[in-house]
Amino acid sequence: MTDKLIERRGFPRIPVQARIRISNAYIGIIEGYSRDISNSGLFIYTNPVPPVARGAYLGLNMLDSANPTILFNTRVIRATAKGVALTLVDYEIEGRRYALSELRRQWKLTSPDITYTKSSS
């Protein structure tokens with residue numbers, strides 16, 4: 001089954017351990033840390049694991065980032081006994097919502113040596 005999951009991923013996962021905060025009106029605020037991250041999503045270890053259903057929307061802040069006030073809007077892909085897998089939907093800065101493509105465009109402007117390619121596996 002792991003091979004099938006890898007085959008479906010459009011972007012490679014990179015092991016990154018960083019502090020993360022997730023929240024919504026139902027679960028409140030829960031902090032955890034990332035296991036891995038890609039251009040489209042991440043897995044977060046949490047304790048406790050929030051009681052969230054597949055498809056639920058959560059706000060996410062990357063607490064160790066250069067700008068931890070950026071709010072990423074995410075959707076739950078799955079919840080396990082150790083945490084939640086999320087896909088990134090879009091993000092908000094100072095109450096304005098932006099598509100992820102805008103963030104990727106900004107990264108390319110500030111870091112021209114970073115390239116994003118789709119995984120062929």
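## Basis and confidence

Residues are numbered from 1 along each chain as its sequence is written, and side-chain values use heavy atoms, with hydrogens and water left out. Because the model is predicted, local features need pLDDT of at least 70 and side-chain atom pairs count only at pLDDT 80 or more, while totals for chains, interfaces and linings use all residues.

The pLDDT, which is the predictor's confidence in each residue on a scale from 0 to 100, has a chain mean of 81, and 74% of the residues reach 70 or more. Residues 1-7 stay under 50 and have two contacts (heavy atoms within 4.5 Å) beyond four places in sequence. The pLDDT is also below 50 over residues 114-121, a stretch for which the model has twelve contacts beyond near neighbours in sequence.

## Nonpolar core

A nonpolar core is here a set of buried Ala, Val, Leu, Ile, Met, Phe, Trp, Tyr and Cys residues joined through side-chain atoms within 4.5 Å, where buried means under 20% relative accessible area, exposed over 50% and partly exposed in between, with a 1.4 Å probe and protein chains only. The largest such core has 18 residues, and those with the most contacts inside it are Ile22, Ile44, Leu60, Phe72 and Leu86. Two or more residues each come from β2 (19-24), β4 (41-46), β5 (57-62), β6 (71-79) and β7 (83-93), with β7 giving the most, four residues; strands are DSSP runs of E with at least two residues, and helices runs of H or I with at least four, numbered from the N terminus.

## Pairing around β5

Strand β5 is mostly covered, five of its six residues being buried. Strands count as paired if DSSP finds at least two bridges between them; β5 pairs with β2 in the antiparallel sense over four bridges, and Ser23 stands opposite Gly59 in β5. Four bridges also join β5 to β6, again antiparallel, and the partner of Leu58 in β6 is Thr74.

Thr46 lies in β4 and counts as buried because its relative accessibility is 7%. Its side chain reaches the backbone oxygen of Pro48 at 3.2 Å.

Val89, found in β7, is partly exposed, with a relative accessible area of 36%. Its contacts beyond four places in sequence are Tyr57, Asn73, Thr74, Arg75 and Leu100; Val89 and Tyr57 are 32 residues apart in sequence and 9.1 Å apart in space, C-alpha to C-alpha.

Technical notes
Polar contact = N/O pair within 3.5 Å; in protein donor to acceptor, adjacent residues only side chain to side chain.
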